[in-house]
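Here is a short briefing to read with the model open beside you. Take it one topic at a time, and find each residue as you go.

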There are 2 protein chains.
Amino acid sequence: MLWARRPELASAIERTRRNEDYLPGVELPDRLRVTAELDAAVKGAEVVVVAVPSHGFRSVLEQAVPHLGAAVALVSVAKGLEEGTTLRMSEVAAEVAPGRPVAVLSGPNLAREVVAGHPTASVVASADGALATELQRLFSGATFRVYTNPDVVGCEVAGALKNVVAIAAGVSDGLGFGDNTRAALVTRGLAELGRLGVALGGDPLTFSGLAGMGDLVATCTSAKSRNHRVGVELGRGRRLDEILSGTRMVAEGVRTAPVAVELGRRLGVELPIAEEVVAVLAGQHTVADAIPRLMQREAKPELHGLRP
Amino acid sequence: MLWARRPELASAIERTRRNEDYLPGVELPDRLRVTAELDAAVKGAEVVVVAVPSHGFRSVLEQAVPHLGAAVALVSVAKGLEEGTTLRMSEVAAEVAPGRPVAVLSGPNLAREVVAGHPTASVVASADGALATELQRLFSGATFRVYTNPDVVGCEVAGALKNVVAIAAGVSDGLGFGDNTRAALVTRGLAELGRLGVALGGDPLTFSGLAGMGDLVATCTSAKSRNHRVGVELGRGRRLDEILSGTRMVAEGVRTAPVAVELGRRLGVELPIAEEVVAVLAGQHTVADAIPRLMQREAKPELHGLRP
């Protein structure tokens, strides 16, 4: 059962078995039903996948919660932090729908490639190990491989911050820099994900896994990544409002960057890439300065500050 | 002072100030002298950079050693393991030129981008901290940032094995799989670098740094990587001998893969990606089977086996 916010989109998908805006050319399964009625969509469901961008996550879940069963499992696939509260999506879910077990599905999972049947690996994270194993069984398919991980915090922080690093990598590409520069940014970016995640209680090993490094690499190197594309356009000299007005897709990193910086400052965690992305998005730094500034930041022993 | 093996190449570079085969269009500095005489090249040198592929490393160094000073520092930029002995290049150097301090320069450093002035970060690793700091000073430039790391083993194992993972990533790309599949392979590949490196005494943190993840990402995603290109051609169905006969460049991963597998077996370390690459290179497995086989290998908790 698929819910779509706009009734005209829901009926178009139900009728044509296609969602041309987001998955052009893909035939959806006959068994899939589509509705714009949130109550009908979630009523009786044992598992609800909340695939709503972070800025709409709370309000959609609030509308759904009167119709949710008491034991329904909520699976977040949103990758962002809530503006204002700096909460992770699983924390928002726990506030809005208390008592329901929560899990997070994350990893290098570009939707068009998943539906095309490319071999894909994913992680389902939950503090509830039995739920994680059940969701692993439910989501696994011939070409979609699901691993379990108890570390919800690490998976969510990685998923949110990788979009910010992808903007920086895109800026570098848009400026005409190559694979060396991007690889250095991705490496320093992974350290940044890890610092924030560990400060919030995440497991350092999560950042070397699919939801950390895996998703970071896919997002920073893929032409299909919306956040990377926003960075490329910035690097080519376009203004943020111009770029965003030209796309229907949501680039989560644009919203996440200032929230991550706020969180980092409160926790005393250095996030130089996120800080630089915020300054560029706000028009305070030029893109031409941003990448050299990040690259020339420190000439220290490489592992400085990483020892426990 | 640059040494080139072929006298005609040395005199062409000396005359034209260009090396058209390897760095087309690049003007070399006036101060650079070029010779095919190994004794003249190394005589009186305080630092010798050994930029010779791993299969020629020992023999070139043996020819040079009678002309080397007793305190000359040797810097290896070769990324491979010696066939027959499974030695790292710094171990070969210690055997051939005993008593000379040895360092390794590694990281995401595609040569054409370095000379183009793209911001690049690199690691110099040496057990001799003062030498590492001196080399950091020597190699650093406005766009070339050098970090130090005491972990020679980790940097060398990462540098050797990443070429093998790049062949696997190239096979995936050549088969038409996308960013999800490649990101999953890179993630499992990094775990593979780390397992072998730690078994040999490397520092786990090195694999999250520039010589580990950084170089792995650059090599697995760059169209400029020779190892990745060999994988792409294999994925498209070409035979290894056809591919290699069409290029003058050395794809180190082709030689390193079986040596790494030999080393892994001896140490009891699982290297599924390297094993699969060896089987494909030897014509024992088809490329069509290789990637699904790697992706479907395990449905375990993600961090299984990674805990110390």
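A:Glu134 and A:Arg137 sit 3 residues apart, about one turn of the helix, and both belong to helix 6 (residues 129-139) of chain A. Helices here are DSSP runs of H or I with at least four residues, strands are runs of E with at least two, and both are numbered from the N terminus. This is a predicted model, in which local features need pLDDT of at least 70, side-chain atom pairs count only at pLDDT 80 or more, and totals for chains, interfaces and linings use all residues. Residues are numbered from 1 along each chain as its sequence is written, chains are lettered from A and ligands numbered from 1 in the order in which they are written, and side-chain values use heavy atoms, with hydrogens and water left out.

**Salt bridges in chain A**

- The side chains of A:Glu134 and A:Arg137 meet in a salt bridge, 2.9 Å from N to O; the term means a side-chain nitrogen of Lys or Arg within 4 Å of a carboxyl oxygen of Asp or Glu.
- Side chains of opposite charge can pair when their charged atoms come close.
- How open are these two to the outside? A:Glu134 is partly exposed, at 35% relative accessible area, and A:Arg137 is exposed, at 55%. (Buried means under 20% relative accessible area, exposed over 50%, and partly exposed in between, using a 1.4 Å probe and protein chains only.)
- A:Glu233 and A:Arg236 also pair up in a salt bridge, with their closest N and O atoms 3.4 Å apart. A:Glu233 counts as buried at 18% relative accessibility, while A:Arg236 is exposed at 59%.
- Some salt bridges share partners, and one network built that way joins A:Glu113, A:Lys224, B:Asp173, B:Asp179 and B:Arg182.
- Now look at A:Asp215 and A:Lys79, whose side chains form a salt bridge of 2.8 Å, N to O. A:Asp215 is in helix 9 (residues 210-221) of chain A and A:Lys79 is in the loop between strand 4 (73-76) and helix 4 (89-96), so this pair ties together parts that are 136 residues apart in sequence. Both A:Asp215 and A:Lys79 are buried.
- Over all chains, the structure holds 46 salt bridges.

**Chain A as a whole**

- Chain A has 14 helices and 7 strands.
- Its C-alpha trace spans about 55 × 40 × 40 Å along the principal axes.
- For 308 residues, a compact globule would have a radius of gyration near 19 Å, and chain A agrees with its 19 Å. That radius is taken over C-alpha atoms, and the globule rule is 2.2 Å times the number of residues to the power 0.38.
- Of the 308 residues in chain A, 56% are buried.
- Among contacts in chain A with a separation of 6 or more, 70% come from residues 24 or more positions apart; contact means heavy atoms within 4.5 Å.

- The size of an interface is often given as the accessible area lost when the parts come together.
- Chain B and chain A bury about 4700 Å² between them, with 55% of it on carbon and sulfur atoms. (Buried area is the accessible area, with a 1.4 Å probe, that two parts lose on being put together, summed over both.)
- Each side takes part in the contact: 56 residues from chain B and 56 residues from chain A.
- There are 2 salt bridges between chain B and chain A.
- One salt bridge links A:Asp179 with B:Lys224, and their closest N and O atoms are 3.6 Å apart.
- A:Asp179 lies in helix 8 (residues 179-199) of chain A and counts as buried at 11% relative accessibility.
- A polar contact of 2.7 Å also joins the side chains of A:Asp179 and B:Ser222. (A polar contact is a pair of N or O atoms within 3.5 Å; within protein, one must be able to donate a hydrogen and the other to accept it, and residues adjacent in sequence count only if both atoms are side-chain atoms.)
- Leaving out residues up to four places away in sequence, A:Asp179 touches several residues of chain B, among them B:Leu110, B:Glu113 and B:Ala218.
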